[in-house]
Amino acid sequence: MQELINRAKELLADGTVARVLGWKAGDLPYNPEPAYFETAEAMEDFVYNGFCGANLSKYMIEASRLEGKTLVCLKPCDTYSFNQLIKEHRVDREKAYIVGVGCKGKLDIEKVKKQGIKGIESIGGAEIADEAETLTIQTIYGEKTCAYADVMLERCHVCKGKDHMVYDEIIGESKETKDAERFDEVARIEAMSPQEKFAFFQKELSKCIRCNACRNACPACSCRKCVFDSNKFDSSQKANVDTFEEKMFHIIRAFHVAGRCTDCGECSRVCPQGIPLHLFNRKFIKDIDELYGEYQAGEDTDSKAPLTNYTFEDAEPSIVGKRG
Amino acid sequence: MSSEKKQAELIKEISGVNPLKCMKCGKCSASCPSYNEMDIKPHQFVSYVINEDIESLVNSKSLWKCLSCFACVERCPRDVKPGKLIDAARQVVVRQKDQDYLSPNEIPELLDPELPQQLLVSAFRRYRR
Amino acid sequence: MSLENKEFKPKIVAFCCNWCSYAGADLAGSSRLSYPADVKIIRVPCSCRVNPMFILRAFEKGADGVIMCGCHPGDCHYSTGNYYARRRMTLLFSMLDYIGVENGRTRVEWVSAAEGVKFSETMNSFVEKIYSLGENVRLGDLRCKN
Amino acid sequence: MQRIGVFVCHCGSNIAATVDVKKVAEMALMEPGVVHSEDYQYMCSEAGQAKIAAAIHEKGLTGVVVCSCSPRMHETTFRKAAERAGLNPYMVEIANIREHCSWIHKDIEEGTKKAVILMRAAVAKVNLNAPLQAGESRVTKRALVIGGGIAGIQTALDIADAGYEVDIVEKTPSIGGRMSQLDKTFPTLDCSACILTPKMVEASAHEKIKIYTYSEVEKVSGFVGDFMVDIRKKARSVDMDKCTGCGVCQEKCPSKKAPSEFNRGLNTRSAIYTPFAQAIPNVPVIDREACIKFKTGKCGLCSKVCQAGAIDYDQQDEIITEKYGAIVVATGFDTINLDKYDEYAYSQSKDVITSLELERVMNAAGPTHGHLERLSDGKAPKEIVFIQCVGSRCSDDRGKPYCSKICCMYTAKHAMLIRDKYPDVNVTVFYIDVRTPGKNFDEFYRRAVEQYGVNYIKGQVGKVIPQPDGKLLVQGSDLLDNRQILKEADMVVLATAIEPNPDVRKIATMLTASIDTNNFLTEAHAKLRPVESPTAGIFLSGVCQGPKDIPETVAQAGAAAVKAIGLLAKDKLLTNPCTAQSDILLCNGCSTCENVCPYGAITYEDKEVNDHGIRETRRVAVVNNALCQGCGACTVACPSGAMDLQGFSNRQIIAEVDAICR
């Protein structure tokens, strides 16, 4: 972390960048939040540890409009989102100085809490410089430990790899943390009976409180104004508006990001209700891979997206019924 | 439904043929190797079915003169397949119970080594289902 | 057609492209080829104009089945529209299947302007399918709050 | 709020018999925005249109819904009527209660219920309609004719005579097409070449006509009035400007084994060749597959003997890009492949030939120099059997479901000509029906029977069996005599079904012209617009639209020309105002829409926007309304809903959905 801070100060000092986009400590030991730093002094608040899951790519849409370059810290998986945003002309590559930061998997505080660890005062071992495989947690009930890998975010178990897709320099080491198959969960649901599938999603989706956290965090959901906030699809009767929004929100959101979603997992990470929203996006990705050939959004900045492309021999929609 | 109509429907069902598709080109009769033996000619089969006169068809010589060579089925440009119609008529007869017919067990001892193979094959086509 | 469930009158929305399928439906009409009145057609310029939101909207408003018809692949009046539509609908239908909605409720058929017979046959078989599936309960509310 | 008038048409009894029109009109008054409704016998009549106009004036209508036949039928009629009454034509919508309702339902209660729902959907849509203004686009005053047969030539001549430039693109080395292969024509028996070649010459000499032979259309973009076409001029290997057409190269060419396309492969030609003596242009091409120079690098004899120095082995294909206002398709036909009709022994015996091959045999320039002889041994036939409907009227996948239309007449012609020239030859025709609708056609057929003694037998042939002695045993049936016939023949002629030129599918795709299951191009209306494709600016000439004989082809060619001239005579075209439009405040500038636009109508510009007080420069999508054809692909690709289609907006379609599901 110190290397990162020193380098950032250097670049601020020589005027290469006007500001730094990173994380600062939050009000709890496990909730650092995205922040801009414009001076060396401000950099004192900078943190980077296992709880810095937030994908900062999306902030670059805004930062691209600011005066001067912005140093942005991107983890390997964040760089996919950044590439996708370049492809969609949403960020200006010239306005970004990308520091590819090392990542050995990011942590999920909910999983820590699920282990019965409560009243957390501080957490050791969540800083990237340590090679520690365990977290040491000071709580009001005394010291507790848990294995790092056991409390990683779901997305880190299906890590896309430790390589940054786009960067100006790399600081820190990364580690591939993949120990599960990305589509296993989707396949498990696919194998269910329609009743079971419906019951599963009914249970999950009925938790939704429409707080829009998923939408706000998603780097693909970057519309200036979401269709759910504009009147472009409403009928003239205002009374209809809310219900349609409410009922179809997640499926429409997933469809809008289909072929553009990099599977960064932010939607599930930020959901306060713990809905596994990534399962929608990942279903689309699985279908796209199977029907139209492997495609990873954000791997490059110029390939044609699956939904703006076609072949003469594409599968017919009836394949859905035939696959069984 | 009259019994005649029932019979005609049965023929259509067994054969899977829609006799109304026939355009009366006569290619079936032109293809038939047993044409001269038949009293009702292949191209006429359809009209017997359309006119619901299955009785005549069942009692015709043609019923047993058809070799089931299926040349007419093969060549019919309209997918009408007179061979299937007459075969269906035979089925109607065969399906009538308690009739005195040859049982498959009796066949081996009746076999004559001089019998031409073709005859056997066509006999199996005719009687096996 | 099975009409055992006399109470149930399904609502079926058919999106038809102006150039092929809508004309095919016209031909079915002028050829007096009947299909159930449960089907109501909405004219769109091309199958690629059909937004998944329209389909979801229809279900949310109580439709029991939605069918989309367009020109045969390769024959699109706008060259490529139906190729995009094909991908969009495949993915949408797969998603609906994934969340447990009976996939018989959605269908895509390619019907040309000359295929009045196919149009009527398609609608007959689709309506029959919807009758067999019964009322749509699952898609009414994806959030599924009762 | 709109002030909408709903007009319900009885269409005589077409609608009124299964829809309670009064009830529909009554129910309409309960819909939001509807201030007037009425029903009338024939809304499309002058009196009906007057009622609409009167209501617009008296009730101050801002929108109109007509419940009537398909919008494909009378949408324009009603929109024009509204326009005359001072209403924006795009404020009119049609509820299709005839084709989509009264004609398919029998129960009046059911029909009425559905009609009411269709009316509601249309009212819901009109509530959200906005006045639209048609734009203008220019017309390139030049036509393209694809195909240089009699259809293409006639169309080109007629357009050129009206004073417009025309280009003909012909795939083969010469114009002339199928008609140039024919010997005589029915029902007057005049020589085909004698009536065709003057037209070919006229076309080639016409100052307004440019002919690209040995060329193919490669790419078409643009739209009515402004098509951009790439034409591939295949390398001829002969300089067209230098060649004098002396023909010495063809005489001297040592490679003479290539099958002659013009003579249907019945004899051979040289590697450097003109398809036939009267070819236009009279400039040979080198068939590079057959040419020794191209195959081995040695030879070059043609180059040596060419006094004009016209031979150019290094010539390359050339792409010509040209703009056209109208395109006429005249791609013609071919006979079907007979591989699946083995019972007629076509592949087994040289003496079983198609009718088109017989044309070449009968022709003085053909492989037998016009002598009727068997191709196997050159002997004069004594007994000839004609078999009709080979591959026509078939419901299986071996043939075509349609009647090829021309066979009955050309067979009568062949039979008559043979009996006339060789009275000792017996001619038998096996037929299913003899179809002779046409002026002097049945008389012609009767002459073949009565005057020339051609033996017509009603019944098909089941099999043709080649005999060891070279004869052909024909097994057919005589349905009228109820007997089977076995006939020994020396020659069998098959009236082979015709099918559209196989290239037409590719061309139709390029032109986005629709095509039916038999590969015939679809006309815009089967009765009222038979020479126009549903795609604006594309016209149909000749057999590419459906089987027809020469006079019909020439008539249709003229009709297609008139339609093309009608288009070219305009300086400007009104464009469809139902185009996409981007809301710059919602646009993300993400380029997704640009990627799906088939017309390249969307570009991105940096624009100054004022987003509720925030002024900034944004990259936003801009639609070129002249290029946009209104398919709507972009509207669905756009995630934010910034892109919308005028006339079929998201809100309009959703309103229709809601009305139907209400």
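Two residues are taken to be in contact if their C-beta atoms, placed from the backbone, lie within 7 Å. The structure is a predicted model, in which local features need pLDDT of at least 70 and side-chain atom pairs count only at pLDDT 80 or more, whereas totals for chains, interfaces and linings use all residues. Residues are numbered from 1 along each chain as its sequence is written, and chains are lettered from A and ligands numbered from 1 in the order in which they are written.

Of the 4 pairs of chains in contact, chains C and D share the most contacts, and this interface takes 44 residues from chain C and 43 residues from chain D. Helices (DSSP runs of H or I, at least four residues) and strands (runs of E, at least two) are numbered from the N terminus. On the side of chain C that touches chain D, two or more residues each are given by helix H1 (21-30), strand S2 (39-44), helix H2 (52-60) and helix H3 (81-98) of chain C, with the largest share, 6 residues, coming from H1(C). By class, that side of chain C has 23 nonpolar, 11 polar and 10 charged residues, where Ala, Val, Leu, Ile, Met, Phe, Trp, Tyr, Cys and Pro count as nonpolar, Asp, Glu, Lys and Arg as charged, and the others, Gly among them, as polar.

A further interface is formed by 37 residues of chain A with 33 residues of chain C. The elements giving two or more residues to the side of chain A that touches chain C are helix H6 (184-190), helix H7 (194-205), helix H9 (241-257), helix H11 (278-292) and helix H12 (319-323) of chain A; among them, H9(A) gives the most, with 9 residues. The residues on this side of chain A divide into 24 nonpolar, 5 polar and 8 charged.

Chain D contains 18 helices and 34 strands, and its C-alpha trace spans about 90 × 65 × 40 Å along its principal axes. An automatic or database domain assignment supplies the domain bounds, and chain D is divided into domain 1 (4-126), domain 2 (142-234 + 317-332 + 501-568), domain 3 (248-305), domain 4 (334-498) and domain 5 (580-646). The C-alpha centres of domain 3 and domain 5 of chain D lie 56 Å apart. A residue is termed buried if 20 or more other C-beta atoms lie within 10 Å of its own, exposed if 12 or fewer, and partly exposed in between, with C-beta atoms placed from the backbone; of the 662 residues of chain D, 54% count as buried. Among contacts in chain D between residues at least 6 apart in sequence, 70% join residues at least 24 apart.

Helix H5 (residues 108-126) of chain D has 16 of its 19 residues buried, so it is largely enclosed by the rest of the structure.

Strand S12 (residues 226-233) of chain D pairs with S17(D) in the antiparallel sense over 7 bridges, and the bridge partner of Asp230(D) in S17(D) is Thr321(D).

Most residues other than glycine have a negative phi, and most peptide bonds are trans. The bond from Phe186(D) to Pro187(D) is cis, with omega near -10°, and Pro187(D) lies in the loop between strand S8 (184-185) and strand S9 (190-191) of chain D. The bond from Ile280(D) to Pro281(D) is likewise cis, with omega near 0°. Ser237(D), although not a glycine, has a positive phi of about 65° and is buried, with 24 other C-beta atoms within 10 Å.

Chain B comprises 9 helices and 0 strands, and buried residues make up 36% of its 129 residues. Asp79(B), in the loop between helix H6 (71-75) and helix H7 (82-94) of chain B, has a positive phi of about 65° although it is not a glycine, and is partly exposed, with 15 other C-beta atoms within 10 Å.

Methods. Pairing = 2+ DSSP bridges.
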